[in-house]
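Open the structure in your viewer and keep the selection tool at hand. We will go stop by stop.

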Amino acid sequence: MQISMPALLSQLLLGLVNGSFYAILSLGLAVIFGLLNVINFAHGALFMMGAVLTWMAMNYFEINYWVMLVAAPLIVGVFGVVIERLLLRWIYKLDHLYGLLLTLGLTLLIEGFFRSIYGVSGLAYDVPDALSGAFNLGFMILPKYRAWVVVASLIVCFATWYAIEKTRLGAYLRAGTENPRLVEAFGINVPLMITLTYGFGVALAAFAGVLAAPVIQISPLMGQNLIIIVFAVVVIGGMGSIMGAILTGLGLGVIEGLTKVFYPEASSTVVFLIMMLVLLVRPAGLFGNEK
Amino acid sequence: MKKSLNAIALAIGTLALATAAQAQVKIGLITDMSSLYSDVEGKNGALAIQMAIDDFGGKVLGQPIELMTADHQNKPDIAATKAREWIDTAGLTMVFGGTNSGAALAMAKVAAEKKRVYFNNGAASSALTNDQCTPYTVHYAYDTVALAKGTGAAVVEQGGKSWFFLTADYAFGHALEADTSRVVKEKGGTVVGAVRTPLNASDFSSFLLQAQNSKAQILGLANAGGDTINSIKAAKEFGIDKTMKTAGLLVFLSDIHSLGLKNTEGLLHTTSWYWDLNDETRKWSKRFFDKTKRMPTDIQAADYSATTTYLKAVQAAGSTDADKVMEQLKKTPVNDFYSKGTIRADGRFVHDMYLVEAKKQSESKQPWDYLKVVKTLPGEQVYTTKAESKCALWK
């Protein structure tokens with residue numbers, strides 16, 4: 001198959017756009033797993049909630065995209081705090097499997113709720129005026145909105161990485177996961193820290209949801225399609241590794257993009273193929289440390 | 001003596017019970033109630049069937065008509081198991097198979113084995129009345145051949161000679177691509193290429209750029225539901241619609257509603273029915289709308305029509321026996337707000353189809369005013385012909 005350089009470049013760029021979604025979603029999962037040891041299956045449903053809230057705000061109250069970019073993560077974050085306080089709190093001492101089951105149950109509830117109201121075909125959301133139109137890059141037409149997705153998610157990803165790895169608050173968080181009792185002995189409220197971390201993790205999912213709203217048809221099932229891939233991304237990057245999640249997300253987006261050119265039929269499975277290989281060679285993931 | 005008398009009495013009693021159970025009409029709708037095709041038929045399909053039962057008076061052959069529904073979750077094994085269970089334990093007299101070709105074909109087999117009347121509206125695969133036809137299947141609303149001959153031929157005639165397909169990578173998508181390619185080539189067009197996309201892919205932009213690079217005039221969407229919606233949306237975003245014209249090979253009213261006319265205007269496709277065809281269709285659709293707050297898809301209208309057709313056949317046959325009912329069905333023409341036509345020997349309900357185009361936003365006068373009819377396609381021309389058929393029942 002003959003593939004021209006411009007065609008390849010444009011596919012790389014599109015891969016990067018999808019990779020941005022993977023990065024921001026897997027980052028949230030990694031943060032939650034790293035600090036709470038919970039495999040948050042509800043991540044996809046909360047991603048969907050972010051998108052649906054954005055649509056609802058526009059349709060019922062005419063609140064625009066930019067407001068929702070901040071408001072939707074906040075609302076979903078608060079929802080996450082409630083989930084953590086009411087439900088997750090009780091299962092930390094149990095096996096991972098219980099967390100997975102609990103959050104899977106939550107997913108079914110949330111998705112079922114929205115499906116009963118809006119059906120499955122989805123809701124259309126327009127690209128905000130400031131970002132409509134496209135850049136002509138010579139080798140391709142890049143919609144401005146897609147470029148914005150890459151920029152916005154990179155900023156959020158690296159800010160999160162910086163906050164956790166380089167600040168004092170981040171140091172508390174990391175210490176809290178290593179040895180919660182000792183950190184508590186220093187007078188730091190570890191349970192509160194954990195609650196807020198979960199809230200922040202799911203807020204990231206909602207942020208990705210808002211970013212996705214104008215690109216993907218908003219549907220109660222939109223999270224389902226993404227979440228499995230994102231789990232694979234986290235496994236490849238290494239559970240709990242912040243930078244690992246970001247880089248793996250972007251990288252896999254690009255690899256997936258290339259697969260769509262060379263052998264499109266495999267584009268939905270290539271991520272899992274890589275996951276298998278990585279698990280064979282480095283069971284802790286590319287960036288994970290074996291404990 | 002007394003003992004044997006008792007035995008005879010018991011036998012008569014059981015026999016009476018058995019005939020009574022046989023005479024009661026029970027319809028079992030097994031379709032996608034929760035996933036990607038549930039807006040096409042789903043719970044509102046069940047509602048349309050119930051409307052038909054109520055309009056019929058709720059009774060046939062002196063017994064109340066019963067409707068049961070189940071979600072097959074797009075899994076053929078669940079669909080087949082449910083159909084078998086209901087036939088064996090609940091005395092189902094008609095299996096109403098829903099969306100999803102895989103599930104539909106599985107249920108057709110069970111119904112044929114158990115000798116039960118089998119109707120299907122939602123599934124597209126023409127195999128139901130071709131190489132996998134059975135004496136008990138009625139494929140009512142549409143099929144892949146009709147879609148291909150309808151949209152494919154019309155687009156080529158309008159000058160869309162070179163095609164590139166975006167194909168859902170499973171049996172249904174492949175069939176639709178193959179059927180359409182054949183029509184395009186017959187009409188003197190060419191197929192430049194195709195890309196097989198995984199079912200439920202969330203991002204179609206990459207595939208669309210490949211389509212654009214092919215320099216074809218027509219983008220043929222051999223997919224359905226969410227895949228169609230997301231490909232149309234991305235085509236708009238990337239400006240593909242400026243260089244190529246999109247032909248949706250299977251588009252439902254619920255897809256147009258979800259995308260909005262802004263994203264779909266000018267989209268050419270084939271449908272078996274539209275709510276705004278004439279006074280009769282509008283009248284029925286208004287009743288449906290009052291109950292659901294949505295206008296019906298062609299599948300939901302077909303659900304109503306198929307149920308009425310079946311109940312009339314039962315009444316005329318004076319029996320729920322599948323062979324007698326099928327005989328009645330195949331000799332009685334259908335004539336109602338949904339369609340006019342006949343059920344052929346292979347089980348295909350042959351009726352007119354419509355080539356439609358999504359309106360411009362400025363042409364839409366009211367909510368759900370989405371389509372205009374470009375051309376009526378006579379049933380004999382768009383469905384499988386005798387020469388093309390491999391069905392042994394039609395030889």
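**Stop 1**

Colour chain B by pLDDT. The mean for chain B is 90, and 94% of its residues reach 70 or more. Now select residues 16-21 of chain B. Here pLDDT stays under 50. The model gives this stretch one contact beyond four places in sequence. Where pLDDT is low, the predicted coordinates should not be read in detail.

**Stop 1: chain A as a whole**

How many helices and strands does chain A have? Count eleven helices and two strands. Start at the N terminus and follow the order: α-α-α-α-β-β-α-α-α-α-α-α-α. The radius of gyration of chain A is 19 Å, close to the 19 Å the globule rule gives for 291 residues, so chain A is as compact as a globular protein of that length.

Of the 291 residues in chain A, 50% are buried. Now think about contacts between residues at least 6 apart in the sequence of chain A. Of these, 78% join residues at least 24 apart.

**Stop 2: helix α6 of chain B**

Move to chain B and select residues 171-186. This is helix α6, with 16 residues. From first C-alpha to last, α6(B) reaches 23 Å, close to the 22 Å expected at 1.5 Å a residue.

Show the side chains. Which residues of α6(B) are buried? Among them are Phe172(B), Leu176(B), Asp179(B), Thr180(B) and Val183(B). Gly173(B), Ala175(B) and Val184(B) are also buried.

**Stop 3: where the chains meet**

Show both chains together. At this interface, 33 residues of chain B are in contact with 29 residues of chain A. On the chain B side, select β9 (190-197), α7 (205-213), α8 (225-237) and α10 (253-259); each supplies at least two residues. The largest share, six residues, comes from α7(B). Finally, colour this side of chain B by residue type. Its residues divide into nine nonpolar, 17 polar and seven charged.

Note on methods: Residues numbered from 1 in each chain as written. Chains lettered and ligands numbered in written order. Predicted model: local features only at pLDDT ≥ 70, side-chain atom pairs only at ≥ 80, totals over all residues. Contact = placed C-beta atoms within 7 Å. Helix = DSSP H or I, 4+ residues; strand = E, 2+ residues; numbered from the N terminus. Nonpolar A, V, L, I, M, F, W, Y, C, P; charged D, E, K, R; others polar. Expected span 1.5 Å × (residues − 1). Buried ≥ 20, exposed ≤ 12 C-beta atoms within 10 Å, placed from the backbone. Rg over C-alpha atoms; globule rule 2.2 N^0.38 Å. pLDDT = per-residue confidence, 0-100.
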